[in-house]
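Here's a look at one part of a protein model, with its charged pairs and its strands. Have the picture open as you read.

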Amino acid sequence: MSKRRPVIITCAITGAIHTPSMSPHLPATSEAIVASAVAAADAGAAILHLHARNDETGQPDQSVEGFGRIVPQIAARTDAVLNLTTGGSPYMTVEERVRPAAEFAPELASLNMGSMNMGLFPMQKRFPQLPEWEHAHLEGSKDLVFRNSYKDIDYVLDTCRSNGTRFEFECYDTAHLYNLAHFADKGAVEPPFFVQTVFGLLGGIGAHPDDVAHMRRTALRLFGDDMVWSALGAGAHQMRVAATVVAGNGHVRVGLEDSLWAGPGELSVSNADQVQAAKTLIETLGCRVATPDEARRLLQLGPQQKAA
C-alpha cells in the first residue's frame with residue numbers, strides 16, 4: 001500500500017484586507033491574533049502566516065512593536081513555522097513592510113512577486129456601513145497599485161539575506177511566476193521555491209479550475225521539481241480551490257485573511273475551523289496533514305541568525 005502524501009496547511013490568521021467590522025470572529029488585537037494562531041496550529045496548521053494589527057483600531061500594523069506583541073508569544077506556544085508578511089498592506093512602503101522580517105528573522109517570510117491592481121472596493125456592497133477608516137481602506141483601492149517592483153523585491157531579498165529566512169513567493173497572476181523565474185535565473189533565490197498561487201482577488205487571476213490548472217502548468221514548466229506548490233482561493237473560492245490543489249499534488253492555505261466565510265451567508269467562526277475543514281478535505285482525498293517538521297524538511301528551512 002502506498003504511503004499517504006503529507007499536505008502542508010498554511011493558515012493566514014488576520015491579514016490586511018478584511019476589517020474588524022466585517023466579522024466579530026476576525027482576530028483584530030494582539031491577544032486575539034495569538035490565541036487564534038495557537039488554536040490553528042493545534043488544529044493542524046504547519047505554517048502560520050502572520051500580520052499584526054493596532055490594538056485600538058484594528059488597522060494593519062507593520063511596526064516591529066506590533067509584531068513584538070505576537071511573534072514571541074506564538075513561537076513559545078507552538079511548533080508551527082512562523083511566516084511573517086513582507087506584503088503588509090498595499091498602502092505601505094516596502095521599507096515599512098520588511099522591518100518585522102528583518103528584525104525577527106523568521107524561518108519563512110512572504111514575498112509578493114509583482115505589482116498589481118488590488119480591488120477591495122467590491123466588498124462595500126456587502127458591508128455598506130463601515131466606520132471611516134474601514135470605508136476608506138476599501139474605497140481607496142479603486143485607485144491603488146500594490147507596488148512590488150523588481151527593485152522592491154531585490155530590497156526585501158537583500159534585507160533578509162543574512163538572516164537565513166526563506167520565502168513563500170506569492171504569485172497572483174502568470175507574470176508573477178515569470179518574475180520568480182527571473183530572480184531564480186540570476187541566482188537571487190534558491191530552490192526549493194515555495195510558490196503560493198493566489199486565486200480570486202480582483203486584480204489577479206480568477207479562481208476558475210482552468211485558471212488553477214494554467215498556473216500549476218506554468219509553474220511546473222518553469223520550476224519542475226524545484227517547486228513546492230501551494231494555493232489559496234479568496235472568499236467563497238477557498239475550499240473549491242483547496243480541493244483542486246490537493247487533487248493536483250499541491251498544498252493549501254486557508255484562514256480568515258483569505259476568507260471570512262464558512263458557506264453562503266455563514267461567517268466562519270475561527271481560523272481553527274478552517275484548518276479543520278482543510279484537514280477533513282485532505283484526508284478525504286487520501287492524503288494526510290503534514291507536521292511542522294515535515295513542512296520544514298519539504299521547504300528545506302534552515303537555522304536563523306536571530307531568535308524570534
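## A buried charged pair

Glu257 and Arg253 are both buried, meaning under 20% relative accessible area, with exposed being over 50% and partly exposed in between (1.4 Å probe, protein chains only). The two form a salt bridge, with their closest N and O atoms 3.3 Å apart; that term needs a side-chain nitrogen of Lys or Arg within 4 Å of a carboxyl oxygen of Asp or Glu.

This is a predicted model, where local features need pLDDT of at least 70, side-chain atom pairs count only at pLDDT 80 or more, and totals for chains, interfaces and linings use all residues. Side-chain values use heavy atoms, leaving out hydrogens and water, and residues are numbered from 1 along each chain as its sequence is written.

(Strands are DSSP runs of E, at least two residues; helices are runs of H or I, at least four; both are numbered from the N terminus.) Glu168, Glu170, Arg253, Glu257 and Asp258 are linked in a salt-bridge network.

How many of the 6 residues of S8 are buried? The count is 6 of 6, so S8 (residues 166–171) is largely enclosed by the rest of the structure.

S8 runs parallel to strand S5 (residues 108–112), joined by 5 bridges; strands pair if DSSP finds at least two bridges between them. S8 also pairs with S9 (residues 193–199) in the parallel sense, over 4 bridges.
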